[in-house]
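Subject: Two-chain model, handover and notes

Hello,

Here is the structure for you to look over. My notes on how the chains meet follow below it.

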Protein chains: 2
Amino acid sequence: MVDIVNTPNFFGFIAAALTTVAFLPQVIKTIKTKSAEDVSIVMLIMFITGVLFWILYAIQTNSLPVLIANIITCILNTTILFLKLIYKKNEHFV
Amino acid sequence: MVDIVNTPNFFGFIAAALTTVAFLPQVIKTIKTKSAEDVSIVMLIMFITGVLFWILYAIQTNSLPVLIANIITCILNTTILFLKLIYKKNEHFV
């Protein structure tokens, strides 16, 4: 077991899993509170664009883990952006 | 120029830059509005933990770009978490 834990892939897998699934609590919170006013729309757009480039990168380098992680991240963040636009009240474009 | 654009590294660089700098608008918005109530604290903690694992991964694989991108991402997200705790009013732990 100790060998597996020390391999870079182990850290890479944990890192990819956490930085992908991390957006799920934000989706849940936004649905519960019906508000994402404090979430920056500029962040969401920049981040989703960046994730789309990670998907292009994954396709070009035939990297299935990067592809899967970023497709899930893209879906979760697009959901947050979509919910934010739906619940959008009198926000300022920041 | 066209050759450079088509290389995976170009996509990887753009992706890394965007998914790193994307958190800056969230830091600015949180400072401006003095509120991060809608930002999920569970997301921040999970994401920061994931980014720390990316840093471990980068050290083990001697990958400077991954290291630099994730140190900046870690600083920005820790700032958002810190600001959220400072401005925290009567939030629920979601």
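Buried area here is the accessible area, taken with a 1.4 Å probe, that two parts lose on being put together, summed over both. By that definition, chain B and chain A of this predicted model bury about 3,600 Å² between them. Carbon and sulfur atoms account for 73% of that area. Of what chain B buries against chain A, 19% comes from Phe11(B), Lys29(B) and Asp38(B), more than from any other three residues.

Contacts. In terms of residues, 40 of chain B are in contact with 40 of chain A. There are 13 residue pairs in polar contact between the two chains, counting pairs with both residues at pLDDT 80 or more. The salt bridge count across the interface is zero.

Make-up of the chain B side. Helices α2 (8-21), α3 (23-33) and α4 (41-60) of chain B each supply at least two residues of the side that touches chain A. The largest share, twelve residues, is from α4(B). By type, this side of chain B has 22 nonpolar, 13 polar and five charged residues.

Symmetry. Chain B is superposed on chain A by a rotation of 180 degrees with 0.0 Å of shift along its axis, at an RMSD of 0.0 Å. The two copies are therefore related as by a two-fold rotation axis. Asp38(B) is the residue of chain B that comes closest to this axis, with its C-alpha at 2.6 Å. Because 100% of the interface residues of chain B are also interface residues in chain A, the copies meet through the same surface.

Regards

How values were computed. Residues are numbered from 1 along each chain as its sequence is written. Chains are lettered from A and ligands numbered from 1 in the order in which they are written. This is a predicted model: local features need pLDDT of at least 70, side-chain atom pairs count only at pLDDT 80 or more; totals for chains, interfaces and linings use all residues. Side-chain values use heavy atoms; hydrogens and water are left out. Copies are superposed by least squares on the C-alpha atoms of residues with pLDDT of at least 70 in both. Contact means heavy atoms within 4.5 Å. A salt bridge is a side-chain nitrogen of Lys or Arg within 4 Å of a carboxyl oxygen of Asp or Glu. A polar contact is a pair of N or O atoms within 3.5 Å; within protein, one must be able to donate a hydrogen and the other to accept it, and residues adjacent in sequence count only if both atoms are side-chain atoms. Helices (H or I, at least four residues) and strands (E, at least two) are DSSP runs, numbered from the N terminus. Ala, Val, Leu, Ile, Met, Phe, Trp, Tyr, Cys and Pro count as nonpolar, Asp, Glu, Lys and Arg as charged, and the others, Gly among them, as polar.
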